[in-house]
Amino acid sequence: MSRFFQHAGYSRRDMLRSMVAGSAVMPGILDLLMASESRGATAAAAASANPLAPKPPHFPARAKRVIFLFQPGGVSHVDSFDPKPKLNAMDGKDRLLGSLWKPRTWGSHGTQATDLFPHIAASLDDICLIRSMHTDHNDHFQSTLGIHTGSVTFARPSIGSWVSYGLGTMNQNLPSFMVIAPQLPYAGTQVYSNDFLPAYHQGTRVIPGPDPIRNLHPRTKVADVQAMELGLVEAFNKKHLGHHPTSTDLAARIRSYETAFRMQTEAPAAFDLSDESDATLAMYGLKRGQTEGYGWQCLIARRLAERGVRFIELIDVGAHNNWDAHANMASHGPLAKNIDKPIAGLIADLKQRGMLEETLIVWTTEFGRTPHHDSPKGRSHHNRCFTSWLAGGGVKPGYVHGASDELGRNIASDGVHTHDFHATILYLLGLHHEKLTYKHAGRDFRLTDVAGHVVHDVIA
Amino acid sequence: MMKRTTSIVCACILLAIAAASRAVDTSKLIGVDLWSVKPVQHVEPPADGEAAKWSSNPIDRFVRAAQQQRGLTPVKPADRRTLIRRAYFDLIGLPPTPEQVAAFVNDKRDNAWSKVIDELLASPAYGERWGRHWLDVVRYADTAGDNSDYPVPQLYKYRNYVIDAFNDDKPYDQFIREQIAGDLMPHADDAERREHIIATGYIALSRRFGSQVKNYPQYLTIEDTIDNLGKSVLGLSINCARCHDHKYDPISNDDYYALYGFFASTQYAFPGIELLRAQKDFVPLIPQEQADAKLAPFREKIAAEQKKLDDLLGQRSKAQKELTAAKNARSKVKDDADKQDVDKQVTELTQRVDALRKQYKKQERVISSARQNKPHIEDAYGICEGKPMDVHIQVKGNPKDKGPLAKRHFLTILGGQTLPTEVKDSGRLQLAQWLTAKSNPLTARVMANRIWQHHFGVGIVATPNDFGNRGKPPTHPKLLDYLAKRFMSDGWSIKKMHRLVMTSKTYQLASDNDPANARIDPTNDYLWRARVRRLDAEAIRDTMLAISGKLDRQPLNEPHPFPSPDKWNFTQHRPFKAVYESNKRSVYLMTQRIQKHPYLALFDGADTNASTGQRDASTTTLQALYMLNDPFVHEQADALAARLIDGAKQDTQRVRQAFEMVYSREPSEGEVKMTLDYLNQIQARYKAVGSDQAEPRRAAWASLCRAMLRSNEFLFVE
């Protein structure tokens, strides 16, 4: 109960009632306030034409939602999930550069990975590696755009926007597509842009810290003034709508204020970790009270997933001081340490809550890195071959799809282009990538352009 | 301001058309029956019957006749307050002041309405509003769109050129020609030359790509030019013919590369890029001789540094060849001692190649910084002549895969005009003339439709950038042709079109619903009432500033406060990123390509990467959060509250004033009472809390203003 109501000496409920009695103020917002007072009652969710209402998939889905982990700059495949003993043996010959991290066998399937990501590697039994990824461009901006939108040249809607457009979302009090990113990667806001899709589908950026979403906190200092303002707005709007009873635009706008009003409560609750146990915080490597760091991003991702957000993207670093290890591969060390335990914690936490099977985790980057050195200790960009992985959401656990050659230079078998990767993600969500189309500028557009094949081999 | 050159240019057009006609084979094209490529018909508005009785305005006659066929009846005319608010937002994007509303409401003369229209068309704010519509179409941004998103400080000149062109009612055909070939057009004086060069900013502002100077993807920039030219002027998706013949419309792969040649023959100003962090090839606005003289030492220095760079490249490739040879030799050597020699040689050569690579990169940086110290001359982000050429078809859009040569010509379906033999330059002037020839069926139709769309919310063709087979067909084909003809015969005057449209009864209808009509035509395609439209991003922001009294109406006649060019070190790792606050109209906000402007993105602002023919009007929760909690909204509400409190002595008067300012109407007695009750409640609340709000009264008024700014009546125009 707010300070004001206590001060005024009567209950909030009485106060709310008197507001109605005193003037024409309130109705809709009042319903909401009363509903939240009486707990059990559900707010009258106006199910009017809502573009974000859940939509059925094209066919039964394996995954209900996606957590998309994107690492900017280009994570080296040969130093992480695709180790190459021969490369290490040839270190120094023909400009080849051996790895600083030692290959080991992990899990019950005998999968090889280095100890760059020891916690993730220890979870390989839950992960499906794809060691034969390739993309069309060898520069950051273009390949970042490619892995997010399917286009390496022109701006197009992001995969998160496509999924939001295809499936809607489960929780109408939170955005359908949220991007938790302390900094922006290459291509800036284009990575989560709705582009030509309607704006409902644009990613909402969450910036780790005390104020993760813009304008989320009421600016009016006295409690309930905002509710009263909205009550007045509603009275004005109702009168106005009376002249335009058929306008869905006007009705939708009224509804958006009700949603925003609830989001002011719902979203901060999602960001409030005080109800998490010490054991859970420890899984993500988090200290109590911490409001940033990759562990925070991962735990928030789980909480948003629980609350029905359809597509959650995490970006660990920005467009510089990232995985772009031209100078020295050793820079991968601290970057890996930053994300390793939190990601393993996320997998384990989803698993223990029974959420992993319906949540698709995607781990990817822009491209891999060359087997040869660039400067003496670093590697250059390598789009011909790299590794990404999937977990949960209907993919084969503990499986390895595709292979690179013995130096990690070219694909040896079962290449997976970014279009194929996207087609597969959509398939797991019950969407046919050729049927998820949007008409724009006179033709139907797709995430996968005119290409893409579902990689059935990775599906359980 | 009408230019003397117009008539010269018109004469040129006739000559060009006469000289370049050729037999055109359209048999291989797809979709040749497309309505929009057929000649614009001369049609008379229905002259008798109910339509003619209803109105003498030709638009009304077409509209009413179409309604009659469907059994629709127009609703009543809008009242004067609704009408003036509609006119203000349509023409200048700002609300009328209470005084302006009162003057119109009380003006009983017959010409009261046309006087309002004329006043608005004469206001500089008109160009700011309608110029913005054109900036949408040409995907204007203040940055280049390459991986580092280099800023282009000079682009404000093009933006202001567009605003001025609308204010001056520059004939639309001339406006198009200047933007495509201003540099090649005759000019009466230096001022006109300058204006023409700035106009070519339209071509220069095509998107830029990548980070590198070597293998710079100019073909993508040219694709963007053609894509935009097609959509903006012709309403055609020409770029669909880049990789193959267009699948739906009569545009061949050859047509695409025939157009490509005009732009391959053109030099675009270069805005800077990660590996060359300085502008080059900007077009001087001072006379060329003066510019040459001033730039001579600079150019010499650059040439000398460039020569060093070329030398380094030569040395490097020589060393690289030697290295390859040495490596090959090593595999053939048997003797151990010889092997050691060769190994030593390989090591040395590897080191040399590495060293040369480093020197090369260093020299690139030397050139970059030398370029950053270019002597200042006034210039524009425009284009000039390059090396005239025809290009080969790029098979499947791959620039490395050459197909047959495509000689420069105009779209086959629109006549296929070729360049007269005496034309030895890029041919852009001829292209501009073909585009704006009165025989071209698309240019006038497309623009007439755009004007219509911004008055009625939806065009006669609902897909303003696509008049192709996949676009929507016109709801009123005869009316569209009438408007297109009239547009051309009225000297391509956009202001005359506004007058014609706004003096129609159709434009002046109320937005009332009518169940009988709604059953027949639920989407109001046949205009039996006015559409209720949401304000666009600029109008929302500008209006809040206007009624808070904080709007700075002065145009921005200088570059945005970008960092100085000698400090440009933008890379794709650290791209240029900025948001510049301003209280000027939103058309003057700095917009970027890679980084969306946070406010404009929220309210469906124009796409800065591709032509926006029509804005979305989405309704999102984040917009509501913005209106609830953003400091900007609270600041405007506070300022408006202060204006209201200071502006009248009694609360009742203040409430009336609030309604007049925010909604352009008087409140009903019930609304006055409700509002006063509300103010009392809020004040009581603040007092009871003993909050730190210094003045509960001010706080209550601010609260009222916030509520009004969030209401639909504010956000929508009827």
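## Basis and confidence

Residues are numbered from 1 along each chain as its sequence is written, while chains are lettered from A and ligands numbered from 1 in the order in which they are written. Because the model is predicted, local features need pLDDT of at least 70 and side-chain atom pairs count only at pLDDT 80 or more, whereas totals for chains, interfaces and linings use all residues.

The model has an ipTM of 0.84 and a pTM of 0.84. The mean pLDDT (the predictor's confidence in each residue, from 0 to 100) of chain A is 88, with 89% of its residues at 70 or more. For chain B the average is 93, and 96% of the residues score at least 70. In chain B, residues 1–21 have a pLDDT below 50, and this stretch has 29 contacts in the model beyond near neighbours in sequence; two residues are in contact if their C-beta atoms, placed from the backbone, lie within 7 Å. In chain A, pLDDT stays under 50 over residues 15–29, with 38 contacts beyond four places in sequence, and over residues 32–48, with 20 such contacts. Where pLDDT is low, the predicted coordinates should not be read in detail.

## Organisation of the chains

Chain A contains 13 helices and 17 strands. Helices (H or I, at least four residues) and strands (E, at least two) are DSSP runs, numbered from the N terminus. Of the 460 residues in chain A, 55% are buried, that is, 20 or more other C-beta atoms lie within 10 Å of their own, against 12 or fewer for exposed residues and a number in between for partly exposed ones, with C-beta atoms placed from the backbone. Among the contacts in chain A with a separation of 6 or more, 74% join residues 24 or more positions apart.

Chain B is divided into domain 1 (26–34 + 42–111 + 440–533), domain 2 (286–377) and domain 3 (626–717); these bounds come from an automatic or database domain assignment. The C-alpha centres of domain 1 and domain 2 of chain B are 64 Å apart.

At the interface, 58 residues of chain A are in contact with 61 residues of chain B. On the side of chain A that touches chain B, at least two residues each come from α1 (3–8), α2 (12–22), α6 (140–149), α8 (225–243) and α9 (248–271). The most come from α8(A), which gives 10 residues.

Helix α8(A) is largely enclosed by the rest of the structure, because 14 of its 19 residues are buried.

## Core and a buried loop residue

The largest nonpolar core has 291 residues, and those with the most contacts inside it are Ala301(A), Ile312(A) and Ala448(B). Such a core is a set of buried Ala, Val, Leu, Ile, Met, Phe, Trp, Tyr and Cys residues joined through C-beta atoms within 7 Å. Helix α27 (residues 696–709) of chain B gives the most to this core, with 9 residues. Beyond four places in sequence, Ala448(B) touches Leu480(B), Leu483(B), Ala484(B), Phe487(B) and Met497(B).

Ala181(A) lies in the loop between β5 (177–180) and β6 (204–206) of chain A. With 23 other C-beta atoms within 10 Å, Ala181(A) is buried. Not counting residues up to four places away in sequence, Ala181(A) touches Arg205(A) and Ile315(A).
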